[in-house]
Amino acid sequence: MHEREITAPVALTLPDGRLNPDAVGWTRTPLVRTDGIGRGLLGRGRNKRWEYWAVTTPTHVVALVTSDIDYAGVHGIWLLDRRTGETISHDALALGLPRVALPGTLGEGPVRTRTRQVRIAIDEVDGGTRLRAVGARVRVDVVAHRPPGHESLGVVVPWSDRLFQYTVKDVARPASGTVVVDGVPHAVPTGESWAVLDHGRGRWPYDVAWCWGAGSGRTDGRVIGVQVGGRWTDGTGSTENALVVDGRLTKISEELTWSYDTADWMAPWRVTGETVDLTFEPFHLKESVTDLAVFASVTHQCFGTWHGRVRERSGAWVRVADVVGWAEDVHNRW
């Protein structure tokens, strides 16, 4: 399919709150302004804003989420000890008017969540993004570095002029810092740790399902970032698929085929297309079910390693081996 690359700043919404047609496309750097989401009466109840960060290290996986889904705030800290398989979850659901600070546009203000269970602070700093979080058993202080020239995938997905989503998937950000578990500090070692951002601003259908996969690591001496998605973008003319090699992004403009066993989530997953041939091998399954009538979510998120190959923009195939990340199947009513 043909997807238009956007190379200049553009507003996601028109003055009346509807989707700006000029914003539909993809970017290599964040260029879409999203200050109109959550303002005015148009789309009330459908506005969704969030920041999700995941950090992989040789010993741990840590994920932070802070969000405003228009009638609630959903926040959390999740940690996996890769050596023992132990997991720790600190979750907070704030119904009504959520007390969360999220910038209108990516990078233009701090992110703050403060509840009894979870405190999260995300700030842009020189050369990257600082991620801090505090829960009863877990403390996080990590910098997701942004090397010069590093590119990320931004995509506007249009369901209609009233329902649409802007997402930034930023993979293979080098990470360093410390994660403290039950008072014991664990290093996030430079060169072996990676951060991934899922930034979202938009207005969603009530009932939606998606697949998402991401991975970061090194293969053959090159820094590899894998970003693949599906289901929620099908038929929209937009995809959220890309390969990042040493910070340079190749947009993958095709709807990929996802194959996995819902009776055995730990079996290998396959993601394939004309330019993608990837296998994902899980080492941990995270399952979560939430049903609060108006809000419900079923998530199967596997953590593991990506293997295979992806064709970059030069036409050459890039080998992917032992790239750590995740693949997920999610169904939301929200």
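This is a predicted model: local features need pLDDT of at least 70, side-chain atom pairs count only at pLDDT 80 or more; totals for chains, interfaces and linings use all residues.
Which residue forms a salt bridge with E124?

Residues are numbered from 1 along each chain as its sequence is written, and side-chain values use heavy atoms, with hydrogens and water left out.

The partner of E124 is R146, and the closest N and O atoms of the two are 2.9 Å apart. Because R146 lies in the loop between β12 (138-145) and β13 (153-158) and E124 in strand β10, the pair ties together parts that are 22 residues apart in sequence. A salt bridge here is a side-chain nitrogen of Lys or Arg within 4 Å of a carboxyl oxygen of Asp or Glu. Helices (H or I, at least four residues) and strands (E, at least two) are DSSP runs, numbered from the N terminus.

Are these partners buried or exposed? Buried means under 20% relative accessible area, exposed over 50%, and partly exposed in between, with a 1.4 Å probe and protein chains only. R146 has a relative accessible area of 35% and is partly exposed; E124, with 38%, is partly exposed.

The structure holds 24 salt bridges. Among them is the pair D123 and R132, with the closest N and O atoms 2.9 Å apart. D123 is buried, its relative accessible area being 16%, whereas R132 counts as partly exposed at 30%. In another pair, the side chains of R33 and D35 meet at 3.1 Å, N to O. R33 is partly exposed at 34% relative accessibility, and D35 is partly exposed at 23%.

On a 1 Å grid over the protein atoms alone, a cavity is a set of points where a 1.4 Å probe fits but cannot get out; a pocket is an open set with protein on both sides within 12 Å along at least five of seven lines, and lining residues have an atom within 4 Å of a point. Grid points are joined across faces, edges and corners, and a volume is the space filled by probe spheres set on the points.

The largest pocket has a volume of about 980 Å³. Of the 38 residues lining this pocket, Y52, V65, V74, S297 and T299 lie nearest its centre. Strand β6 (residues 72-81) gives the most to the lining, with 5 residues.

Finally, the surface. L93, L95 and L292 make a nonpolar patch of about 280 Å². Patches are made of residues with over 30% relative accessible area and no salt bridge, nonpolar side chains (Val, Leu, Ile, Met, Phe, Trp, Tyr) being joined within 5 Å and like charges within 9 Å. L292 belongs to strand β23 (residues 276-292) and counts as partly exposed, at 40% relative accessibility.

Terms used
Accessible areas come from the Shrake-Rupley method with a 1.4 Å probe; for residues, only the protein chains shown count as cover.
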